[in-house]
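This report describes the architecture of a single protein chain. The sequence and the model are shown first, and the description follows.

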Amino acid sequence: MLGCVSRLRRLVRLVHHLPLQISLLLLFLFCTVSVFVSAYFLYGVKRELEPSGGGVAGSEGASAIYDDLRTSPSRQLPVRAVSGGLAGGEGGRGGVRTNPLVLVFVESQYSQLGQEIVAILESGRFHYRTEISPGKGDMPTLTDKERGRFTLVIYENILKYVNLDAWNRELLDKYCVEYGVGIIGFFKANENSLLSAQLKGFPLFLHSNLGLKDCTVNPKSPLLFITRSGQPLPGPLPGDDWTVFQSNHSTYEPVLLTKTQSAESVTSLGTTATLLPSVVQDLGLHDGIQRVLFGNNLNFWLHKLVFVDAVGFLSGKRLSLSLERHLLVDIDDIFVGKEGTRMKVKDVKALLETQRALRNNVPNFTFNLGFSGKFFHAGSDEEDLGDDLLLSYVNEFWWFPHMWSHMQPHLFHNQSVLAEQMLLNKRFAMEHGIPTNMGYAVAPHHSGVYPVHLQLYDAWKKVWGIRVTSTEEYPHLKPARFRRGFIHSGISVLPRQTCGLFTHTIFYKEYPGGANELDKLINGGELFLTVLLNPISIFMTHLSNYGNDRLGLYTFKSLVAFLQTWTNLRLQTLPPVQLAHRYYDLFPNEKDPLWQDPCEDKRHKDIWSKEKTCDRFPKLLVIGPQKTGSTALYLFLGMHPDLTSNYPNKETFEEIQFFNGHNYHRGIDWYMEYFPMPSNTSSDYYFEKSASYFDSEVAAERAATLLPKAKIITILINPADRAYSWYQHQRAHDDPVALKYSFHDVITATHDSPVKLRVLQNRCLVPGWYAIHMERWLNHYHSNQVLVLDGQQLKTEPASVMDRIQKFLGLVNTVNYHNILA
């Protein structure tokens, strides 16, 4: 030890005697060697795919891992909960230290796989953020005040993760380990992909551009939740660009297993009888990060199913769908339909038999029949007998009313006439023993439900006591994953789904695109995904789907059988009113609607009253805030001959206060009544001023949804002056709190001060948080639609400000405010 110290001292003395140039040269050489050593360890571990070379020779051991899969579906490997506690659900560190947000790295804004990933996340109502995958460059901010911003990372192309520059790769990996965040990645081979390669930095081999067949779910995979392992899926998988994985490391657990279509594909893989993973789960035993890797995209339906489970597992069940699924099958147009499309006696018997058979797998399954009594006995003799038999089974089914003559409710502008039509249908129901107390109705063509026709809602409640309806039109028909519910005028509106069956789909062999297209919808297609991704599904079918080839019965028998085979979902049925309670228990934030401009959607415009016009909507909103000069601006705008304000409100005077309060729930018909019917001139420019819109948490989104093209004007003054002005305003209106306390008392009130004092403090201070409120409005309106005015300048130079406003609004007729306001 002493010898080492003495040698070190001699070395130090030697360095002291070296010339400066030589010292600098030695320092340069030391730094260069350090850089090369660092590069070796950083890039040697995390590098891109290379030909596996000797790795394939060593793959005998890797292949041996899967040899036993030919006799045993899988081997149970220990699942290690990494530091974030992914396997521990909400109780793990990952469950409480990260936000329930998914970070999705896509190849481009329009890449197909990226859009499919996002579509599934949106269908599951999971929040996400997309980023273009950086080859080099900055990683988005991953933490916020020691809390992880993302609970899961998804790479559309896993090579973009593997090829990250050293700094960002180390940053992301450290984040994933520290916060227990998992990674999902996809590898989609192309013509340039190597046939055999190692994912460098990982003890994992990839064999690409393969044709695969006979897919099997590993029954022992810890990933599985919704996915059921069971019988293999025989036959070829779509495409010949598949990748399978090979490894001899215990961290990798197969999820889906397949066979190659030919032994010549990759000789090292052995015979075609060998089961090879096309989806593999990394248990995190290698580097502390759990991953799920897919050897193709999401075109294969089973990949979508496993992807949903992967999202749930790697997020510790925070982004997981439950196993409960509620199904309700509506059969519209009972007794409606031309001769040859209606149910006969044998069809009615088949309907009841199928209902009883479905109850074996779907407790309480009951078809829900919607009727229009006017068309009873309007078919052939055989079809009329079918009508009679259906009524003899009246207590076997659930029933709901359409319109008596199947007319569209939005065509009725008089509520009394609409109610009379409903009464005819109700009398028919009572005469034939049809229950009238289900509390559910559906309007023909969804007319009047959305966009709302208030006369329909009022008549429904008056005649039938309706509490629930459904529509496929809110907020729009497509894309279906965005369909939502809302509550209006005491009636719960539930989203309704299509199932590939329409009035014209009667014969199996004549199904549009061929019978195979219907089977695709059922067996892993859109219909299957609808049930998979929605806890509650109300399906629209038609009377014509249950006669002739009975496509309705075929579809739902096949769907339930497929779901039972490939999922662990627990299917059940509830009557509509109970279903509505269940829906809004799950999604309470959907109770409040978001009204949209009916003229922006052709389907909506077609089922909207012709007596209504979108020209009555304002093109300008003056949003405040209060006590900044908005009333003065309102008066100045009213001096312009082309600008027309709203009619006054009895409660709030010149302000409608539609977007920020209870008036919003009265609907857009109520809102439009505050504006005159437009004249024939093109110069009509309606506006409204509600100064409380500015700081409302909901007004910006509501306004942008109904008036996406509107112009927005806000007026700002010194927030301290605004706060004091509001305080004086309250004193002038004899507010007892303002009279009792000084302004200093108000703005310095603490959390333990009297509640009324803190309320006054909020009204003084919160509207002055300009940056927060402006950001909210600019999140919903483009900056070129927003004009920010200086309230002090409006006070001292009003004419100049009004000139600026006229230019902002693009008014053809300009007014000389210098003369008017002189």
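Is cysteine 764 buried or exposed? Cysteine 764 is buried, because its relative accessibility is 1%, where buried means under 20% relative accessible area, exposed over 50% and partly exposed in between (1.4 Å probe, protein chains only).

## Basis of the model

The model is predicted: local features need pLDDT of at least 70, side-chain atom pairs count only at pLDDT 80 or more, and totals for chains, interfaces and linings use all residues. Residues are numbered from 1 along each chain as its sequence is written, and side-chain values use heavy atoms, with hydrogens and water left out.

## Overall architecture

The chain contains 29 helices and 28 strands; these are DSSP runs numbered from the N terminus, helices being H or I of at least four residues and strands E of at least two. Of its 822 residues, 55% are buried.

Among contacts (heavy atoms within 4.5 Å) with a separation of 6 or more, 77% join residues 24 or more positions apart.

## Nonpolar cores

A nonpolar core is a set of buried Ala, Val, Leu, Ile, Met, Phe, Trp, Tyr and Cys residues joined through side-chain atoms within 4.5 Å. The largest one has 150 residues, and Ile184, Phe367, Trp399, Phe659 and Tyr671 have the most contacts inside it. Helix 9 (residues 301-314) supplies the largest share of this core, ten residues. A second, separate core has 30 residues, including Met139, Phe150, Val162 and Leu204.

Beyond its neighbours within four places in sequence, phenylalanine 367 contacts Val329, Ile331, Leu351, Gln355, Leu358, Phe397, Trp398, Tyr546 and Leu553.

## Disulfide and other cysteines

A search of the whole structure finds one disulfide, defined as a pair of cysteine sulfur atoms within 2.5 Å. Cysteine 599 and cysteine 614 form this link, with their sulfur atoms 1.9 Å apart. The link is right-handed, with 95 degrees about the S-S bond. Cysteine 599 lies in the loop between helix 17 (576-586) and helix 18 (602-606), and cysteine 614 in the loop between helix 18 and strand 24 (620-622), so the pair ties together parts that are 15 residues apart in sequence.

Cysteine 599 is partly exposed, because its relative accessible area is 29%, whereas cysteine 614 is buried at 12%. Cysteine 215 is also buried, with a relative accessible area of 1%.

## Helix 17

The buried residues of helix 17 are Pro576, Val577, Leu579, Ala580, Tyr583 and Tyr584. They lie on the same side of the helix, because they cover an arc of only 155 degrees around the axis, taken from the directions from the helix axis to the C-beta atoms. The face turned away from this buried side carries the exposed residues His581 and Asp585.

The buried residues of helix 17 pack against strand 16 (324-334), strand 17 (368-371), strand 19 (468-471), strand 20 (486-488), strand 21 (491-497) and strand 22 (536-542).

## Two further buried sites

Glutamine 290 lies in the loop between strand 14 (276-282) and strand 15 (291-294). Glutamine 290 counts as buried because its relative accessibility is 0%. Its C-alpha atom is 7.3 Å from that of leucine 314, 24 residues apart along the chain.

Proline 798 belongs to helix 28 (residues 798-809) and is buried, at 18% relative accessibility. Not counting residues up to four places away in sequence, proline 798 touches Phe636, Gln793 and Leu821.
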